[in-house]
Number of protein chains: 2
Amino acid sequence: MLGLMQDRQLLISSLIDYAAEYHGATEIVSRTVEGPIHRYDYAAARRRSMRLANVLRDLGIGPGDRIGTLAWNGYRHFELYYAVSGSGAILHTINPRLFPDQITYIANHAEDRWLFVDLTFVELLEGIADSLDSVEGIVVMTDEAHMPETALANVHCYETLIAGAADGFDWPEFDENTASSLCYTSGTTGNPKGVLYSHRSTVLHSYAACLRDVVGLGADDCVMPVVPMFHANSWGIAYAAPMSGAKLVLPGARMDGESVHQLMYDEGVTVSAGVPTVWLMLLQYLRDNGKDLPDFKRCVIGGSAAPRSMIEAFETEYDTTVLHAWGMTEMSPLGTVGMLTPALDALPYAEQLDYKEKQGRGIYGVEMKITDDDGNELPRDGEAFGHLMVRGPWIAQSYFKGEGGAILDGDGWFDTGDVATLDDKGFMHITDRAKDVIKSGGEWISSIDLENLAVGHPGVAEAAVIGVVHPKWDERPLLVIVRAPGASVEGPELLAFMAGKIAKWWMPDDVVFVDEIPHTATGKIQKVALREMFKDHRLPTVDAAE
Amino acid sequence: MLGLMQDRQLLISSLIDYAAEYHGATEIVSRTVEGPIHRYDYAAARRRSMRLANVLRDLGIGPGDRIGTLAWNGYRHFELYYAVSGSGAILHTINPRLFPDQITYIANHAEDRWLFVDLTFVELLEGIADSLDSVEGIVVMTDEAHMPETALANVHCYETLIAGAADGFDWPEFDENTASSLCYTSGTTGNPKGVLYSHRSTVLHSYAACLRDVVGLGADDCVMPVVPMFHANSWGIAYAAPMSGAKLVLPGARMDGESVHQLMYDEGVTVSAGVPTVWLMLLQYLRDNGKDLPDFKRCVIGGSAAPRSMIEAFETEYDTTVLHAWGMTEMSPLGTVGMLTPALDALPYAEQLDYKEKQGRGIYGVEMKITDDDGNELPRDGEAFGHLMVRGPWIAQSYFKGEGGAILDGDGWFDTGDVATLDDKGFMHITDRAKDVIKSGGEWISSIDLENLAVGHPGVAEAAVIGVVHPKWDERPLLVIVRAPGASVEGPELLAFMAGKIAKWWMPDDVVFVDEIPHTATGKIQKVALREMFKDHRLPTVDAAE
C-alpha cells in the first residue's frame, strides 16, 4: 500500500526559489575576476538566473544538454548552477587546473554544447578550441567593457546576453531523478570519469549538509566555500547556502593568505570549507601578521588529511572548531564529518585530537562498512581495517556513459578504493589507499602509518613505503627514504627508531635511500612509479625464506 | 537524461539503524505508565525493535497491515514506530483522548488488525471491544507483573512477546512511497479523516525538522516531545531525534507542571515541543516554586497560537528561545517555525515579539501562498490576507480511502482552511479560519483580530465575532460578549474602546451579551453553534440599508 502524500519532486530550482522568497535580502558577495567586490542578494540572484535560463532557451539549449563551465567561485557561476540545472539542462563544471588535453578530453566526452568561461581561461580555451568537437559557442563571464580580444569563434558576452533576455522564467517540473550536473574525477589512472548527479541526489545531499553536526548552516551564518565550485559542487555549499538562507561569500581566484583573510574578515565569514593547503597559507598569514578572524566558528577541512597541528592551531589559537571531513566526487561529495559527540567533547583535549585527526563520523544518509578481500564485513573496533564501502542516495551507481563498467557490488555498495577503520564512536579513519596497502601473509599493513612513523625521525625528509614481492609472505614492506639535508641516518638506526611503536610483523624488511621520491602534479607520492623502480629489489629476508 | 546516482530508498528503518550505529550509547529516557523512569540507548532500542518486528511477523502481520496504538510517549511506543513501519506495516497512532465512539470509528475505518495499548487504556478498550470489527488481538504494553485482569479476548503481554522473539531482523527494502503510518485528524466537522504518511514523506520531513532554523536537533541536544506521539508523530521528533543522535526523553502521561519540570531538569532537556496549555502549566509551576530550567534552550510552541506573554516569559525570565510553529496533521505536521533572521534579531525586543507572535517563517520543502476566493495569489506584504495554500512532499494529497474527495487544486495546492498573511520577511500569520472570516462587501474581516481586541477591555470575560447576514454588505460582524464577573459594560462603551484600533469598516455593527459562549471538547469556540443562535439577528444597520 502506498502512502497518500503529494508527489512533489525534489528539484534544484526550488532551492533558489526558497532563498529568494524567504531570504531575499540576504547577500551574496563575490570577489570578481575583474577585480572589484560584487554584492547582491538571493532575490537578485534568482532574477538573473531566470534571465539566464531565457538566454539558454534562446540559444536552443534543451533538456539534458551539457553546458560546460571554466570558472572560479563567483556570482555568475552561481547563476549558472540554477539557470542550467533549473531549466532541465546539465551543468558540467570543468576543473580548469587540469592539463589542456585533459580538458579537451572531458569537454568532448561530455559533449558540451556551450562553454561559459571566466576571463582567466580565455587564453587556455584559445589553445584547445580547435580540438573541441561539440562546442557551438562560448560565453565569457564578464561585461562588455572587459570583453577580451580573441580569435575564438562565436564568442558572446555574459552581461550582454543577460541584458537582452526576458524577465521571469517558469522553472519546469520533471522527475527528480533527472540529471542536473556533471563532474569528472581527477582519475589517478586512466581517463577522467564523469559523475552525473541528479536533482534528487543534490537536494538530499543539501539536507544532509545542513544537519547541525555536518556543515550545519543556518540563516545567521556567513559561508565562504574556498573549495572551488568545479570540485563536486563546492562540497554542496552552493546548494546548502540557499537552502539554509546563509549569506554566501564567493572568493574568486585569489587563495593566498592575505586575500582569504581580508574577505573573511570584512564579510564576517562564520563557516568555510577547503583543502589543507589553503588553510596552511591562511594560518601562516595570520601568525606572520598578528591577524585574527573573530567571526570564524567552523572550518571544514577535507580533500586530504588535515594535520593534527593544523587542527590544534585553529582550535586553540583562533577558537575555530575544525570539522575534519571526507568525501569523494562520486559521493556528491560528503561522506563523513568530524563533529565530536558530547561524550567525546568532554575528554581532555589531546584525546579529542585523536578523534579529530580521523576523517569524521558517519552522516545519516551514507551507509559505511569495511570489508576484507572476500567481502566479509569487519568489526567496528577502530583496529580492523578493510575496504571502505559506501551506499546511499547521493552516491554514484555508475560513471557517465558507463566508463569503468559496473562499480557497485551485488548489494549496491560502492568501493571507495580507500582502506579504513571504523570505531565504536562512529569515526572513520583512512589508513591507506587499497592499492597501496601491503598484503603480508594474508594480513594488511598500512603504508601510510609506516610513512608517518618514519618521517618522525629527524634525519628523514620524506618517506614512502611500498610492498615488494616475497616468496613466503607474498609482499613485505620496503621503506624508501629521502634523508634530511645534512643527515646521515642509516637503515638500522631508523628501524630501531620505529621498533616498539608498531607490531613486529609491520617492521619494514629493508630500507633504501634515494635522492628524490616521484610525485604527481598535485603533490601525492607516485606509488606506481616507486613500485616500478623497486620491482626487482631483493629483500634481505628472502634468502632466509628460500 | 537521468542522473546516475544510487536509487537507495528513503526508509524509516534507516533512521534507527543510523542511531544504533553512530549514536548507540545515547540514551532514551521514559517516564513509564507503571511509574519508574526507564533508561536504555539507541542500540538497545534497535535490538528490541527488531525483536518486535519478529513478533509482528509471527502474528502474521504483513506489508500494509494496520497496527493501532493507544499509548503515551514511551520507549515501547518508540519501538512500535520502528518495528511496524520498518517491517513494512502501517503504524496507526490513535488519539486516546477522543470519545470512545470516535475511537471505534477510527479503528474500524483503518481496519486495524492488532492494537497495542498502554495500561491506562485497557478499561477504555474494554468498553468498545465489542464494536471493533477488524481487531484480532490486543497487546498490553507492559510486563507480566503488571498485566491487568481483563475480559478482553486474545490479550498478550508486550514484554512476554518480546522475550520470546528471535534476535535480529533484516529490515526489508521497498519503494519509499510505501505507506508507513496513519494519523486521523480531529475533524471539527464530519468524521475524522486519515492521513497516510509514506516512508519518503517521513524521512524528508525529518531532514527538514533537523534544519538549524527549524527544530535544529544535534547530538548535543536532549529533546523531550511533550506533544504526544499520537499527534502527527510527535511533530516528527520521534524520527528527527535518531536522525540527529539527540538524547530522547519521553514523558509518559504526566503533563502537570511539576512532573514536566522534574523530568526536564533531571535529564537536562535542551529542546521541547508542545501546545500552549502545557507551557502555561509549566510557567505557573516555575514561578510559584522559584524553579528554573538552566539547560532549556529552545521551546517549540504550536497546536494553537502562543500568547505574547508566554513567549516573553520564556525568553526574558528563563532565557529559553521560543520557536512559534504551525502545522497540520495533513502536513506531517511542520509548516512554519518562527526562528528570527539575523536582521530581525537585531530589532528592539518589542519589535522582535511582533514577529514571534506570528506563526513562523517558511521552511525549505513547504511552498506557501495566499489567495483570494478566485484563487488569485495575494501579495506578501503582511497586510493582505487570504486562503493559506501549501504544497510539498510531506503534505497530504488525499485522505485514507478517499474520504473528503479531491483535496488539491489543479496545481497541486492543499487548502489549509486557514486565512493568513505572509510578510516580506517570510513570516506567516494566521488571522482566521476561512469559515469564520466575515465577508463584507467583498472584503474580509478577521474575527480573531476583533475578538483579541474586545477581550482587552476589562469588562469582558470572553468575546466571539461572527458574520451576520446584511442586505447591502452580504455579511457584517456581530460581537458576542460574556461580561466579566461583576462588570456592567455596554455595547457603545465597547465599540468606543475598539475605535481607532481597527479600520472603521471592521467595526462590529452590533454587540450582544450572553451568559455563555458554546465551546468544543477541546475548548475552541463553536462558531457554527453561534451562527445558528444568531442566524435571525437583525443588525441595526440593516434598516438604513433597506
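1. Buried area. The model is predicted. Between chain B and chain A an area of about 5,800 Å² is buried. Carbon and sulfur atoms give 55% of that area.

2. Residues in contact. On the chain B side, 77 residues are in contact with 76 residues of chain A.

3. The same surface serves both copies, since 99% of the contact residues of chain B recur in chain A.

4. Polar contacts and their setting. The interface of chain B and chain A holds 38 residue pairs in polar contact, counting pairs with both residues at pLDDT 80 or more. Several elements of chain B each supply at least two residues of the side that touches chain A. They comprise the helices α1 (13-22), α7 (199-210) and α9 (237-244), together with the strands β9 (194-198), β16 (360-362), β17 (367-371) and β18 (386-391). The largest share of this side of chain B comes from α7(B), with seven residues.

5. Composition of the chain B side. Which classes of residue make up the side of chain B that touches chain A? It divides into 36 nonpolar, 22 polar and 19 charged residues.

6. Salt bridges across the interface. The rule finds ten salt bridges between chain B and chain A. One of the salt bridges in the model joins B:R212 to A:D221, with the closest N and O atoms 2.7 Å apart.

7. Salt bridges in the whole structure. Over all chains there are 77 salt bridges. Within chain A, the side chains of A:E267 and A:R39 form a salt bridge with an N to O distance of 2.5 Å. This pair links distant parts of the chain, the two residues being 228 residues apart. A:E267 lies in helix α10 (residues 257-267) of chain A, and A:R39 in strand β2 (residues 37-41) of chain A.

8. Confidence. For chain A the mean pLDDT is 94, and 99% of its residues reach 70 or more. For the complex, the predictor gives an ipTM of 0.91 and a pTM of 0.92. Where pLDDT is low, the predicted coordinates should not be read in detail.

Technical notes: Residues are numbered from 1 along each chain as its sequence is written. Chains are lettered from A and ligands numbered from 1 in the order in which they are written. Side-chain values use heavy atoms; hydrogens and water are left out. Contact means heavy atoms within 4.5 Å. Buried area is the accessible area (1.4 Å probe) that two parts lose on being put together, summed over both. A salt bridge is a side-chain nitrogen of Lys or Arg within 4 Å of a carboxyl oxygen of Asp or Glu. A polar contact is a pair of N or O atoms within 3.5 Å; within protein, one must be able to donate a hydrogen and the other to accept it, and residues adjacent in sequence count only if both atoms are side-chain atoms. Helices (H or I, at least four residues) and strands (E, at least two) are DSSP runs, numbered from the N terminus. Ala, Val, Leu, Ile, Met, Phe, Trp, Tyr, Cys and Pro count as nonpolar, Asp, Glu, Lys and Arg as charged, and the others, Gly among them, as polar. pLDDT is the predictor's confidence in each residue, from 0 to 100.
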